[in-house]
Amino acid sequence: MERNYRKLWWHHCLAIIGFSVIPLLIVSFSLYKVFDSIYTDKVMDSLRKDAENRGDAVDLFLKERVAQLHTVANTNSFQEMTDEGYLNKIFEIMYAKSDSYMDIGVIDSEGRHLAYVGPYYEMLKQVNYKNEAWFSAVKANGMYISDIFMGFRKVPHLIIAVMVREKNTTWILRATINLKNIDEIVQKAWTGSLSDAFIVNKKNVLQTRPRFGGNFLEVPAVPEYMSDSIKSHPYPDYTSVVATKLERVTYSGMDAFFAAVPISTTKWILVVKENPGEVLSPLAKGHFWMLLFTAIGLALIATGAALFTNSQINDIRKADRENDANSDMLLQANKMIALSKMAAGIAHEVNNPLASIAENAGWLKDLLAEEDIVGSKNLAEFTETIDKIEQHVSRARKIVHNLLGFARRMEPAKEKIDVNRLLDETTGFLENEARYVNIQIAKEYADNVPVITSDLSQIQQVVLNLLNNAIDAIGHDGTVTVSSRYREATGQVEIGVADTGKGIAESDLNKIFDPFFTTKEVGKGTGLGLSISYSIIEKLGGKMHVQSKVGTGTVFTILLPKQ
């Protein structure tokens, strides 16, 4: 039995690729995960440090402002500070060193605004803060940093107040801080185009303006580019953190890195958000190169496996041919041995007729020498002798013929076939029959169809069967198209037989190659033609397909290997 070299090729090649690719993929995937984990940890650690640095900067800023107010309050007397002219000079000195202050005021222990320098003089000069929460807090703690609130001025602002005890007098120096300065400190955490940073208090209310939407005194919400609906989604609540917290959160399929850092001077929380697509862009590049190198490795493995398998299959094919040749030689040698053993028996069978021929020929010679042939009374004997000669000659020929038939070496079934010529010869058998029922046989042969090696008679048998079926399907008045072409990509020769008959129902298409199944009328088909044809093409290493549509016609396609 001839090997299926194509199937063997695929088994061998896939085995090599499988045992080579699986370890490569395991290693690549492991490196991918390890690299991903290490780099992500590094990015998160960098985010933590940046957030803590920004938090420390805010904390330092507030401490410096508190220290400045303490210095001013403790180096100037209550009497001097309640003089608004003097207080204005102090404020100008403070503002010249830093634009962190918006206004400054002196409040007595009863909450009365004794002196004020700033843009809200008419609104705030007569205000009493006795019932305000911040006033009670500064009296209780000696110093107070507020959250952002609206207050009497009805605009968001932040105050720092320090209490001073001077002899029998207790008073408070209060300053409003420029929110722009805090915003600038926080905004330095914006490292990417989609990163953000802001401060919230313990009620999760914004104390600075976020980069993407939101404003003072609002709850921070996910920006529109990260939301899948009109309704906004809140950011994670970090009001309960007591130490730096890092996490990765997903919104509508988009990831975000968050770092939350408490600010020790206040009850604030600094929140820094980074976009993984930006901070992990080097990781994405690393993943790309890893995938590229893996793909190149897979391509090299596949190429190497194919080349090595080709070499192995060629060696196997060569060995099979040599074995076939040796088997043929051995078979022929055995035949010759058998023939030599038969020679003794055959010699007797041959020698007897030959002896009889010789004897009768001699007797005829003697008669011819003694008698006048024309008037001879031995004419009947001459005739009988001649008959015997012919009988024994016929017998000798029969024996020799049988001997030669037994000894003749059988040629292999495969031979070189010109496909277009084969189709021409096969259609010629049925042209008269088709013409009789007004069916035209159209020929569409490609010029580049190569010579193939196969069994001519069996292919011819299959094509003839398909042509008969096509003519039967049409009945009369139609066209049978016989075509050929070469599929260079697969190295296959395609033979097509198409008809304009009634077609085959879709429900029957998967059964037409089954034995004894037929769409012809009862008594007009055995149901074996297509089954045998399909089997022949399979044994020749080819494939047979069918396409059909009721009312349009049917196309049978035969694919044969070049070799």
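The model is predicted: local features need pLDDT of at least 70, side-chain atom pairs count only at pLDDT 80 or more, and totals for chains, interfaces and linings use all residues. Residues are numbered from 1 along each chain as its sequence is written, and side-chain values use heavy atoms, with hydrogens and water left out.

**Exercise 1. Describe the sheet that contains β11.**

Step 1. Get the strand order. Five strands form an open sheet, β11-β13-β14-β16-β15, with mixed pairing. Strands are DSSP runs of E with at least two residues, and helices are runs of H or I with at least four, both numbered from the N terminus. Two strands pair if DSSP finds at least two bridges between them.

Step 2. Find the edges. β11 (439-445) and β15 (543-549) each have a single partner strand, so one side of each lacks a neighbour in the sheet.

Step 3. Check the twist. It averages 15 degrees from one strand to the next.

Step 4. Inspect one pair. β11 and β13 run parallel and are joined by seven bridges. Glutamine 440 has threonine 479 of β13 as its bridge partner.

Step 5. α10 (residues 419-428) lies across β11, β13 and β14 (492-499), at about 175 degrees to β11. α13 also packs on the sheet, touching β15 and β16 (553-561), and its direction makes about 140 degrees with that of β15. Angles run from 0 to 180 degrees between N-to-C directions, using axes fitted to C-alpha atoms, for helices over the stretch in contact.

**Exercise 2. Characterise the packing of α12 against α13.**

Step 1. Take the geometry. The axes of α12 (residues 456-474) and α13 (residues 529-539) come within 10 Å and cross at roughly 145 degrees.

Step 2. List the contact residues, where contact means heavy atoms within 4.5 Å. α12 supplies Gln458, Gln461, Val462, Asn465, Leu466 and Asn469, while α13 supplies Gly529, Leu530, Ile532, Ser533, Ile536 and Ile537.

Step 3. Sort them by class. Six are nonpolar, six are polar and none is charged.

**Exercise 3. Locate the nonpolar cores.**

Step 1. Apply the criterion. A core is a set of buried Ala, Val, Leu, Ile, Met, Phe, Trp, Tyr and Cys residues joined through side-chain atoms within 4.5 Å. Buried means under 20% relative accessible area, exposed over 50%, and partly exposed in between (1.4 Å probe, protein chains only).

Step 2. In the largest core, of 47 residues, Leu62, Leu158, Leu173 and Ile182 touch the most other members. Helix α1 (residues 5-75) gives the largest share, eleven residues.

Step 3. Look for another core. A second, separate one has 37 residues, including Ile459, Leu466, Tyr486 and Val497.

Conventions. Ala, Val, Leu, Ile, Met, Phe, Trp, Tyr, Cys and Pro count as nonpolar, Asp, Glu, Lys and Arg as charged, and the others, Gly among them, as polar.
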